[in-house]
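Hi,

Here is the structure I said I would pass on.

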Amino acid sequence: MPKSVRLKSFELVARDINEVDVESLHALTVAVGWPHRPKDWDWLRKLGRGFAVVDGIGRVFGSAMWFPYGEDFATIGLVITTPRAQAQGNGRWLMEQVFEQCRGRDLGLNSTRASHNLYVSLGFRNEATVCMYQGLVADSLPNLPALKGELIEPPADALEEIIELDTQAFGSRREELIKALEPISTIRVLSRGGRIVGYSMCREFGRGHVVGPVVAMNDEDALHLTAAHLKDLKGQFARVDTRETGPVADFLQACNLRVAERVTTMSKGRVLLNREPGQPWIYGLAGHALG
C-alpha cells in the first residue's frame, strides 16, 4: 500500500516518481526556482529512485529522490516541498521515506539553507560548502598554466578507465552515473604517461550547460579540464558547481561566472570528503543531487 501522511485538512500519498506526470514535477521545481526542465527530470528519473507526494486529486506537493552508488552508499536530492506542505512537516516525512528505502547505506546530500536545520536534526553533519558559479561565459578566457599532458577526446575504450578514476576520487563506484552521462555529454580526458589522470564532462541542463563532473589530480589540471568546455561556450549560459576556492574560484570568476547560490555538502554515516595526497579529487560536481 502507498505510504500516506495527513497534514491537517488534507492527506498526501507517496507515489513512485515514475508514475507522476513530468509536467507536474517540472511545475514543482519552477515553484521553488530550480532550473530543471522536463527532460532533466526524465533523465534523473531513469537514473535514480524516489517518489512524489500527491493529494487526492493528483496535485504534487513534494518529491524526493536517491541515487545508489554501489551497495552501501547513496546521494539524496530533489527533496522539494511546497510552502504549504513544508510548514506542516512534510519535509521530515519525505526524508523518513527515503531513510526507509536506503536502510543500511551511508548517505550524502547538498543542502539548501532552507533545509539545513532539518538535515542536522536528522543526523547529517556539515562537510563543505558548494558554490554554484553561473552566467554567460566571457568571450576571452584567462591564461592558464602550462598543460602537463595531453588533453583529448577519450578513446573508444576509455570509459572503464574513467570510471575507475572517478571511483578513486568520489569514494564509491558511480558506474551507472558515468554510463548515463556518457551519451549526453561532451567529454575530455587528460592523459599523462600513457594513462588518464583527469576527465571532465559537459551537458545541457536547465538554462544552458553544466560542466561536471570534473575530476583531476591538482588545481592546474582541473583548470584545463574545465576550460576545455568553457571555451566552446563563450557567450552562452554555463554553470559549474565546486567546493574549491583559490585558483579554481578565481578562474571561474575570470570567465564571468558568479556565485548564484551556496549549498552545504552533508553526510550521514561515512565521511564523504576524505582527500588523500596524490589521489584524484572531485573539482566539479555532476549536480547537487548526484554529487
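Strand 3 and strand 4 make a hairpin, with 5 residues between them. In the turn, G58 has a positive phi of about 90 degrees. Bear in mind that this is a predicted model. The two strands pair in the antiparallel sense over 6 bridges, with strand 4 covering residues 60-69. If you want a spot to start tracing the pairing, G50 stands opposite M65 in strand 4. Strand 3 (residues 49-54) has 5 of its 6 residues buried, so the rest of the structure largely encloses that strand.

Next, the helices. Helix 8 (residues 219-230) packs with helix 9 (residues 247-254) at an angle of about 20 degrees, and their axes are 10 Å apart. Angles under 35 degrees count as roughly parallel, and helix 8 and helix 9 are therefore roughly parallel to each other. The crossing of helix 8 past helix 9 is right-handed. On the helix 8 side, the contact is made by D219, L223, T226, A227 and L230; helix 9 brings P247, V248, F251 and L252. Sorted by class, that contact has 7 nonpolar, 1 polar and 1 charged residues.

Buried or exposed? With 65% relative accessibility, R103 counts as exposed, because the cut-off for exposed is over 50%. R103 and D72 lie 31 residues apart in sequence, and their C-alpha atoms are 9.3 Å apart in space.

Cheers

Note on methods:
Residues are numbered from 1 along each chain as its sequence is written. This is a predicted model: local features need pLDDT of at least 70, side-chain atom pairs count only at pLDDT 80 or more; totals for chains, interfaces and linings use all residues. Side-chain values use heavy atoms; hydrogens and water are left out. Buried means under 20% relative accessible area, exposed over 50%, partly exposed in between (1.4 Å probe, protein chains only). Helices (H or I, at least four residues) and strands (E, at least two) are DSSP runs, numbered from the N terminus. Two strands pair if DSSP finds at least two bridges between them. Axes are lines fitted to C-alpha atoms, for helices over the stretch in contact, and angles run from 0 to 180 degrees between N-to-C directions. Angles under 35 degrees count as roughly parallel, over 145 as roughly antiparallel, 65 to 115 as roughly perpendicular and the rest as oblique. A crossing is left-handed if the near helix is turned anticlockwise from the far one by less than a right angle, and right-handed if clockwise. Contact means heavy atoms within 4.5 Å. Ala, Val, Leu, Ile, Met, Phe, Trp, Tyr, Cys and Pro count as nonpolar, Asp, Glu, Lys and Arg as charged, and the others, Gly among them, as polar.
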